[in-house]
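Here are my notes on this model, in the order I would read them. Please keep the structure open alongside.

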Amino acid sequence: MKFCSHCATPVEVKTPEGDNRPRFVCPGCDTIFYQNPRIVAGTLPVYRNGDLHQILLCKRAIEPRKGYWTLPAGFMENGESTVQAAERETLEEANARVISQSAFTMISVPHINQVHLFYLADLPEPEFSSGSESLEVALFDEKDIPWKEIAFPTVARTLKHYFANQHDPQELQRCASSVIELDQALKKLEEEEKQRYKSANRQTS
Ligand SMILES: [Zn+2]
């Protein structure tokens with residue numbers, strides 16, 4: 001960044017007092033701009049056709065890695081949970097409605113300041129099509145996965161982890177089901193908070 005987003009003064013790079021790394025600091029209004037990793041949330045959509053497990057992949061229509069295959073995923077938006085972000089991205093990129101089962105892989109990518117989180121998800125029906133960011137969307141058997149054309153290492157690792165454990169449902173579920181429970185607990189808290197707020201408003205009006 002070059003300018004303060006509060007007062008438009010050119011920012012400086014310095015280590016604030018009590019901090020241990022350089023930040024963008026505004027000499028005009030003393031605002032410190034912290035930059036933190038961003039979360040990419042996505043799904044690993046599985047369509048079960050009898051004994052056959054097929055995975056939904058999207059061919060990227062945009063850079064980076066245009067023309068390479070990926071799992072549907074993208075940056076979280078403010079105001080949504082990780083599950084909501086993962087399912088929204090799946091709908092946007094593949095026009096597919098999935099049912100998330102559990103958080104499956106969470107991989108830090110420190111060299112680009114990102115965290116990639118993939119949910120294991122059921123694709124109940126083989127219904128999907130290309131969203132605006134995809135050239136093509138298709139179901140793949142394990143033997144047909146285009147390993148040399150996978151867009152990102154975190155996607156390849158997530159796929160490999162799935163195929164290594166696909167016949168062991170307990171192992172698949174063990175990965176991080178507690179994350180979903182936490183998400184549901186948070187939703188409940190949010191709901192309670194809203195109710196409290198409503199009744200407080202009723203009492204004052
Ligand atoms: Zn400023």
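1. Ground rules. Two residues are in contact if their C-beta atoms, placed from the backbone, lie within 7 Å. By that rule Tyr119 touches Thr43, Val83, Ala86, Ser100, Ser102, Ala103 and Phe104, leaving out residues up to four places away in sequence. This is a predicted model: local features need pLDDT of at least 70, side-chain atom pairs count only at pLDDT 80 or more, and totals for chains, interfaces and linings use all residues. Residues are numbered from 1 along each chain as its sequence is written.

2. Confidence. pLDDT is the predictor's confidence in each residue, from 0 to 100. The protein averages 89, and 89% of the residues score at least 70. Residues 176–182 fall below 50; this stretch has 7 contacts in the model beyond near neighbours in sequence. Where pLDDT is low, the predicted coordinates should not be read in detail.

3. Overall layout. Helices (H or I, at least four residues) and strands (E, at least two) are DSSP runs, numbered from the N terminus. There are 4 helices and 10 strands. Along the sequence they follow the pattern β-β-β-β-β-β-β-α-β-β-β-α-α-α. Of the contacts with a separation of 6 or more, 59% join residues 24 or more positions apart.

4. Burial. A residue is buried if 20 or more other C-beta atoms lie within 10 Å of its own, exposed if 12 or fewer, and partly exposed in between; the C-beta atoms are placed from the backbone. On that count, 26% of the 205 residues are buried.

5. The core. A nonpolar core is a set of buried Ala, Val, Leu, Ile, Met, Phe, Trp, Tyr and Cys residues joined through C-beta atoms within 7 Å. The largest one has 33 residues, and Leu44, Leu56, Phe118 and Tyr119 have the most contacts inside it. At least two residues each come from β4 (38–49), β5 (52–60), α1 (82–94), β8 (99–109), β9 (114–122) and α2 (153–165). The largest share, 5 residues, comes from β9.

6. Pairings of β5. Two strands pair if DSSP finds at least two bridges between them. β4 and β5 run antiparallel, joined by 4 bridges. Arg48 stands opposite His53 in β5. The two strands form a hairpin with 2 residues between them, and Gly50 in the turn has a positive phi of about 65°. β5 also pairs with β10 (residues 134–140), antiparallel, over 6 bridges. There, Leu57 has Ala138 as its bridge partner in β10. A further 2 bridges join β5 to β6 (residues 69–70), again antiparallel. Lys59 stands opposite Trp69 in β6.

7. β2 (residues 23–25) and β3 share 2 bridges. Val25 stands opposite Ile32 in β3.

8. Backbone points to inspect. The peptide bond from Glu63 to Pro64 is cis, with omega near -5°. Pro64 lies in the loop between β5 and β6. Arg65 lies in that loop as well. Arg65 has a positive phi of about 65° although it is not a glycine. Asn95, in the loop between α1 and β8, also has a positive phi, near 45°. Asn95 is partly exposed, with 15 other C-beta atoms within 10 Å.
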